[in-house]
Structure formats: C-alpha cells, structure tokens
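Here is a brief report on one protein model. It covers a sheet arrangement and a pocket.

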Amino acid sequence: METKGYKVDRSFQDFGTRFSGTESLQGKELRVDIVIRDDGFVERPKFYLPTFGNAVGILPHLDSYNNFCYSAPETLILDATRPGEAILLCRQIFLKELDKALSGRCSDEILDEFRFYWRGRSIATDIDSTYEGATSLHRWINEEYMVSLLTNNDRLKEFFANQHPREQGFKDYTTPAHVLKYSESAPFLKFQPDFRFLSDYLSWLKGFGGKLDDRVLEQMTSELGRSCPVFLNGTLGMYGLWPQGLPFKRKKGNEFKKPAVQKAAYQMFGSKIEVKRFFGRDIGDRYVYGRSLVRRATLEDKRICILGCGTIGSHLAKFSAQSGAGSGKNAELKLVDNQLHEPGNIGRHLLGHTALGISKSVALAKLLQGTYPGKNIQAVDRNAAEVFNGLGGYDLIIDATGDSTFSNGLNLFRKSQDQYPPVLFVWLEGLGAATQALLTLDNELACYRCLEPDFGERPRYSPLKAHKETYFESATCSDGAYIPYSVASSVMAAGLALEMMLDWAAGRPGKSLRTRLVDTDPQITKTVKDTSPSKHIRCPVCFPTS
C-alpha cells in the first residue's frame, strides 16, 4: 500500500491494521483510512472517509460512521493467501464506486438506502404503505432500553405489552400520532442528514408539493399542550418527525386555547425547536411472510385446517404460519387434535417439555400465537374424525395424521359429498425412509384409496424397494405403539406439504402426487417421479359396487 501513498498507523495495531492515505476523485482530495481486522478476509477490509462532511449532502453507501460500503459481502471473494492482491482489489472496487457516488450518478442507490441516511430511531410498525390517518405510538421503556411500536392493531399492541411487562421495570407510554402519505421520491434526494430544527424540515417538506409541510405542522400541533409525532408513509418507507416542544414554558392559565394558535407558535419558533427522527421497520404480515416468497403466492387470506398436530402436523403448522396462514381478511389456521403432548413426542415434535400434559392443538396454537402475533390461529381440542362435517367452509384441509385408517375415512367422507374442500394428505413411508403427499383437488384424478385399491398389496407408487408391513415399536397401552424415525423425516414431510400448499395457493397445483426420499440407500428406497395418477379401476371409493 506504500506504493499507493498509504502509511501504516502504528497506534491502531491492537485493533488490527490501519492504512491512512489520500485519494483524488472528482476534483476532491479525500482522506481514506483502510482498516483490516481479519487477516483471513472473512470480514472484508473497511474503507472510511473520516473527514467527509454532511454539509455537501448525502453520499451514497456512506453510513453514519463514515464507512463506505463498496461491495456486498457475498459478491466479493478474497484470497487470504495473497493479502496484498486482496487489499489492492478492494481499493480498486472502492475507488470505482466512490467515483460514481461523487459524480452524482447514484440517485437510485440513495433512494434505496435512504433509511440509513435518515439516521433515526427504529420503530416497529405493521401499518400498510397505503395508509393515511390517525394512529398511536406505543413505547415501553426501562433503565436499559426502549421499544417502540406504531400500530392500530390491539392484538399486536397486547403482544408487545406482554413481552415488556411492568414486573421487568418497563413503563408504557401511548402518544397520539398521525400518518401522512407521500407520492414523490425525488425530494428525498435533497434531504440533509444534519437537519436539526423544525424549520429545516418544513422547508424540505415544501418540495413534496400538496402543502405537505403545512399538513405535517397541522398534525404535529393538533393536540393542545403537546406536540405529536407525524410519519411520512410511502414507497420508500415510513419516516417520522417529532418536535420536542417550544423553547419556553407557558405560564399556568396561559396555555394555548386553539390548535391554530399553537401551530402558529411552532411555526414562529421553528428555528429553535429540535426534532427527533424515526423510521418504521415493517413487521406487517405482508412483508414478514411475503419477503421469503418473492414471486410466489403466500397463504395469506386463506382458511386452512390441519388435522393432526403430531410430529408432521406441528412442524407444518409452524411452516404454514411462516408462509402467511392465519393472516389477512377472514383468514384462519385451524389446528385439530385432542391427544396430549407426552414425553415420547418431544424427540421429533415442535413442542417441548413446557407443553407436557397439554392438548397438542391447544399448546401448539398458543406457541404460534405467541411467536407470530396478530394471526388468527384456532385450536380444536377434539378427535379429528369428529369434525369432518364442519370443514365445508375451508379453502384447504390437510391430513397430517399419518394414519392410513383415518386418511381412508376422510377420503371416503370427501368423496360422498357433493361439495367439499380439496384435501392434502401427507404421510411417511417405511421407518421415515420417504415421504409422500397427495392433493385431491381434481375429482377426475386418483383419490387417496386409488393409491392402494387392494389393502395388503403393494401400493401403486411406493418408494420402498420391498413392500413390508409397517413396523411398530411396542409400548404400553397408555402410550400406544409407535413407528420409530427421526425428526428429519417429520420436517421433510412438512416441507413437502408446504411446497404443495404454496403451489395450490398460486393457482398452479402441479403434480398431485409427490415423493421425497429421506433415506437414499438404493437397497431401501427408489425414486418415484412426481405424477398426477389417474383413478384406479379397482378403487372401491371411486367405483363402488353394489
């Protein structure tokens, strides 16, 4: 680095290696500090611009510590065996990106990264980007930290309150707030990170048009005797402003009598009123559960019922909730099972020791409601076979019992009805060696019984090399016999079911019968291609005989 004009800073050696130098770009002489804390380059070298001031406006990719982000970590592979070449490569990329940033060719990057330039306090919010109107800012504060929530959702507020109780030293505060929409993004490019006073922000807000500056001030002063936070809401995110009050105290009996008078006072003394900044961190269902399913449908707005909350059903319930089930208008995730959670279940069940002795459906619903607030997740503590008649209004039913006797009963009931929701059957084969799932959406295709029309004979699409009777581990009458297999099989079965649920939600159900191998030993299993089998002529459900 010495050949490039950099010198080693010996005072930094306890923290790593730091090179200091200058670079000439766009007619500017800029001091640059290169900091290397990891000789293996798992952590990339950092490039700092310690003398770069905010007065010139926003510089893309520069954080509040003056660290310039020049490359995404996953896009740059460095050779630790050639450290000199690695550092020079980083410098080359850094200079290219810095030159682009200084030239003003990064408007899109500024808008994409604007939250980092805003440098406000983070507030959790579930408010949609299209909303405008009144809301509430809730804060829970103790001696160590503060948690903030902007919402109109009482269920979400209750969840946060339960997570930050008074017993742990938290005091809760609720403040009226207001959300105003913005439609333009260009004015954000003129924002200055060193804005401090209300007058700075009001001048900036004029650039949005629509008298946004006046509307913001009106809402800030709408509550007599105090200021209210106002949040700008739109496609670039949510940004809040909260003036910290007039620079003087009004005498008792001389308080403002009208919001208009208070508004005029704030406008008059705007150059002396400091403003706190906030930004909204989206925790709404659409973002949280849709982020991982880009270009795929979620289970939002669906009414889904899972029959059986055992080893497959418990993991599938969690996966479904993470994919949007229970969220949205009229949505519901119903869990049906009346079996108690026993010690023998813990090894492969989602529930652990704290749920022992409790109904699986009840404990599972409580766990998911506590983990994913705001969802409509209902437990039915009944034998799943008793609820067939009450499921006509659901969009999808999943049989996760893994019990072929139960599955045949449900299949027979469904085929006897003129109208009934589609049913997704999911089960394990052998000692968890493979998993299969069948979606009975099209009555012209095979039903569950069509896969094994003659009991005792080899199923039509068995993934097992040799047909064997299912092995049950003996147990007491109270525990019941069980099939031994690991949690890996349960999770893979739940994953297969979720895959088919998401395809169904997208309107592209694909192959109705799918198979996934857990044990790939060719002596035990064989590959079964995904297919949509036709009805079998000997199926007594599809072709009943008198």
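The text below takes the barrel, then the pocket.

**Barrel**

This is a predicted model. Seven strands close into a barrel, and their order is 6-8-7-9-10-11-12. The pairing is mixed. From one strand to the next, the twist averages 30 degrees. Helix 5 (residues 198-205) packs on the sheet. Helix 5 touches strand 10, strand 11 and strand 12. The direction of helix 5 makes about 55 degrees with that of strand 12.

Strands of a sheet pair through backbone hydrogen bonds, either parallel or antiparallel. Strand 6 (residues 121-125) and strand 8 (residues 146-151) run parallel and are joined by two bridges. Ala 124 has Leu 149 of strand 8 as its bridge partner.

**Second largest pocket**

The second largest pocket holds about 1,100 Å³ of space. Its lining comprises 42 residues. Thr 125, Ile 127, Asp 282, Gly 284 and Tyr 287 are the ones nearest the centre of this pocket. The lining of the second largest pocket splits by residue class as follows.

| Class | Residues in the lining |
|---|---|
| Nonpolar | 16 residues |
| Polar | 14 residues |

At least two residues each come from helix 2 (107-112), helix 3 (114-118), strand 10, strand 11, strand 12 and helix 8 (285-290).

Methods: Residues are numbered from 1 along each chain as its sequence is written. This is a predicted model: local features need pLDDT of at least 70, side-chain atom pairs count only at pLDDT 80 or more; totals for chains, interfaces and linings use all residues. Side-chain values use heavy atoms; hydrogens and water are left out. Two strands pair if DSSP finds at least two bridges between them. Helices (H or I, at least four residues) and strands (E, at least two) are DSSP runs, numbered from the N terminus. Axes are lines fitted to C-alpha atoms, for helices over the stretch in contact, and angles run from 0 to 180 degrees between N-to-C directions. Contact means heavy atoms within 4.5 Å. On a 1 Å grid over the protein atoms alone, a cavity is a set of points where a 1.4 Å probe fits but cannot get out, and a pocket is an open set with protein on both sides within 12 Å along at least five of seven lines; lining residues have an atom within 4 Å of a point. Grid points are joined across faces, edges and corners, and a volume is the space filled by probe spheres set on the points. Ala, Val, Leu, Ile, Met, Phe, Trp, Tyr, Cys and Pro count as nonpolar, Asp, Glu, Lys and Arg as charged, and the others, Gly among them, as polar.
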